[in-house]
Amino acid sequence: MSQHYLPVVPLTREAFMPYGDVIEASSQVKHFTINDGNTERYHDLAHIDPGHDGKAIVSIFRGLPRTLPFQVSMMERHPRGSQAFMPLSGQPYLVVVAPEGEPPALEQLRVFFCQGTQGVNYRTGVWHHPLLALNAVSDFLVIDRSGPGENCDVVGISPAGLIALPE
């Protein structure tokens, strides 16, 4: 059986728009000076959605580095709220996403290479792979939902896709 390699592309606001928000300090977002000129505020970078009867919570996830090539054989989604990840360790990482809706097929998976200064916010219901840290143990500030009801659907991907970074 042949391996299906998933192309890896750089994370940009435009390319990630169908799946959620890119969180980063850049000239492309609304920003302004505060605190008597001492601080630049990059404002309202993600639509945090705790869903009906939920509340937004802040956690830290510590991810072990994944070894490449890496096989993508499952995806998950959070049908009741969004989920934002902001790297704290300055290390690059990967994001695998697919559109919200029915469980994704292999052809729908998109892989983004994220710089250690870029965060992502998955829109409610968007399929994504769990944390894919690279290079080193990495901490992420995570803003997601706490509240009643099941908020994590997991599905298998068959055949699986393979991620390898270009040399």
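Q: Above which relative accessible area does a residue count as exposed?
A: Buried means under 20% relative accessible area, with a 1.4 Å probe and protein chains only. Partly exposed lies in between. Exposed means over 50%.

Q: What kind of model is this?
A: Residues are numbered from 1 along each chain as its sequence is written, and side-chain values use heavy atoms, with hydrogens and water left out. Local features need pLDDT of at least 70, side-chain atom pairs count only at pLDDT 80 or more, totals for chains, interfaces and linings use all residues, and the model is predicted.

Q: How many strands does the protein chain have?
A: Helices (H or I, at least four residues) and strands (E, at least two) are DSSP runs, numbered from the N terminus. The protein chain has 1 helix. Its strands number 15.

Q: What is the radius of gyration of the protein chain?
A: The C-alpha atoms fill a box of roughly 65 × 45 × 30 Å along the principal axes. The radius of gyration is taken over C-alpha atoms, and the globule rule is 2.2 Å times the number of residues to the power 0.38. For 167 residues, a compact globule would have a value near 15 Å. The protein chain agrees with that, at 16 Å.

Q: What share of the contacts between residues at least 6 apart in sequence joins residues at least 24 apart?
A: Contact means heavy atoms within 4.5 Å. Take the contacts in the protein chain between residues at least 6 apart in sequence. The share joining residues at least 24 apart is 82%.

Q: How far apart are the mean positions of the positive and negative charges?
A: Lys and Arg count as positive, Asp and Glu as negative; His and the chain ends are not counted. Each charge is placed at NZ of Lys, CZ of Arg, CG of Asp or CD of Glu. The protein chain has 11 positive and 17 negative charges. Their mean positions are separated by 3 Å.

Q: Which strand holds Ile57?
A: Ile57 counts as partly exposed because its relative accessibility is 24%. Beyond residues up to four places away in sequence, Ile57 touches Val142, Ile143, Asp144, Arg145 and Ser146. Ile57 lies in residues 55–63, which form strand β6.

Q: What is the phi of Asp36?
A: Asp36 lies in the loop between β4 (31–34) and β5 (39–42). Asp36 counts as exposed because its relative accessibility is 87%. Asp36 is not a glycine, yet its phi is positive, at about 55°.

Q: Is Glu150 buried or exposed?
A: Glu150 is in the loop between β14 (138–146) and β15. Leaving out residues up to four places away in sequence, Glu150 touches Pro79 and Arg80. With a relative accessible area of 65%, Glu150 is exposed.

Q: What distance separates the C-alpha atoms of Asp139 and Gly63?
A: Asp139 is in strand β14 and is buried, at a relative accessible area of 17%. Its contacts beyond four places in sequence include Ile60, Phe61 and Arg62. Asp139 and Gly63 are 76 residues apart along the chain, but their C-alpha atoms are separated by 6.3 Å.
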